[in-house]
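Trainee: Before I use any labels for this protein, I would like to know what each one rests on. Could we go through them in turn?

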Amino acid sequence: MLKSSTGGRIIMATGVINAGVCGFTINVKAVSDEDNKVQLEITSDCPNYQKIAKELTEVDAYKEIFNKMHVGRVYEVFAKYSPHPSCPGVSGILKTMEVAAGLALPQNASISITKE
């Protein structure tokens, strides 16, 4: 674990989200310290997430996680730029942010879809 210049702890988490049939990948780097402000660095080959990345650079983890569903800065920016509400990128960003803020343990998540 990295230490800040003031002696506090800094937590970093990374997430890689494979969005699905579109073939786009969303990479998230989240860094947080004691105040639960999370700095986000989002990179993607998706043009929508490139726009999201420019605007979504810092969030308050508590406001994002302990709020009603679809309320908060992450959902606000996502709704502004993504035409695809079922994209798993938004939940991947939130999960990565949650780990960086120390509000969740790092664990892989997945969605498997079949057609019968």
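Mentor: The protein has 4 helices and 5 strands, and along the sequence they follow the pattern β-β-β-β-α-β-α-α-α. Keep in mind that this is a predicted model.

Trainee: What makes the protein as compact as a globular protein of that length?

Mentor: Its radius of gyration is 14 Å, close to the 13 Å that the globule rule gives for 116 residues, so the protein is as compact as a globular protein of that length. The C-alpha atoms fill a box of roughly 55 × 30 × 25 Å along the principal axes.

Trainee: How many of the residues are buried?

Mentor: Buried residues make up 38% of the 116; the cut-off is under 20% relative accessible area. The accessible surface of the protein comes to about 7,600 Å², and 54% of that belongs to carbon and sulfur atoms.

Trainee: Which residues touch the most other members of the largest nonpolar core?

Mentor: They are Ile26, Val38, Leu40, Ile42, Tyr49, Leu56 and Ile93, in a core of 28 residues. At least two core residues come from each of β2 (9-18), β3 (25-32), β4 (37-44), α1 (47-55), α3 (73-81) and α4 (89-100). The largest share, 6 residues, is that of α4.

Trainee: Take Val38: what is it in contact with, leaving aside its neighbours within four places in sequence?

Mentor: Val38 is in contact with Ala30, Val31, Ser32, Thr57, Glu58, Val59, Ala61, Met97, Ala100 and Ala101. For the protein, 39% of the contacts with a separation of 6 or more are between residues 24 or more positions apart.

Trainee: Why is Asn36 called buried?

Mentor: Asn36 has a relative accessible area of 12%. The cut-off for buried is under 20%, so the label applies. Asn36 lies in the loop between β3 and β4, and its phi is near 65°, a positive value in a residue other than glycine.

Note on methods: Residues numbered from 1 in each chain as written. Predicted model: local features only at pLDDT ≥ 70, side-chain atom pairs only at ≥ 80, totals over all residues. Heavy atoms only, no water. Rg over C-alpha atoms; globule rule 2.2 N^0.38 Å. Buried < 20%, exposed > 50% of the residue type's maximum accessible area, 1.4 Å probe, protein only. Contact = heavy atoms within 4.5 Å. Areas by Shrake-Rupley, 256 points an atom, 1.4 Å probe, with all protein chains shown as cover. Core = buried A, V, L, I, M, F, W, Y, C linked by side-chain atoms within 4.5 Å.
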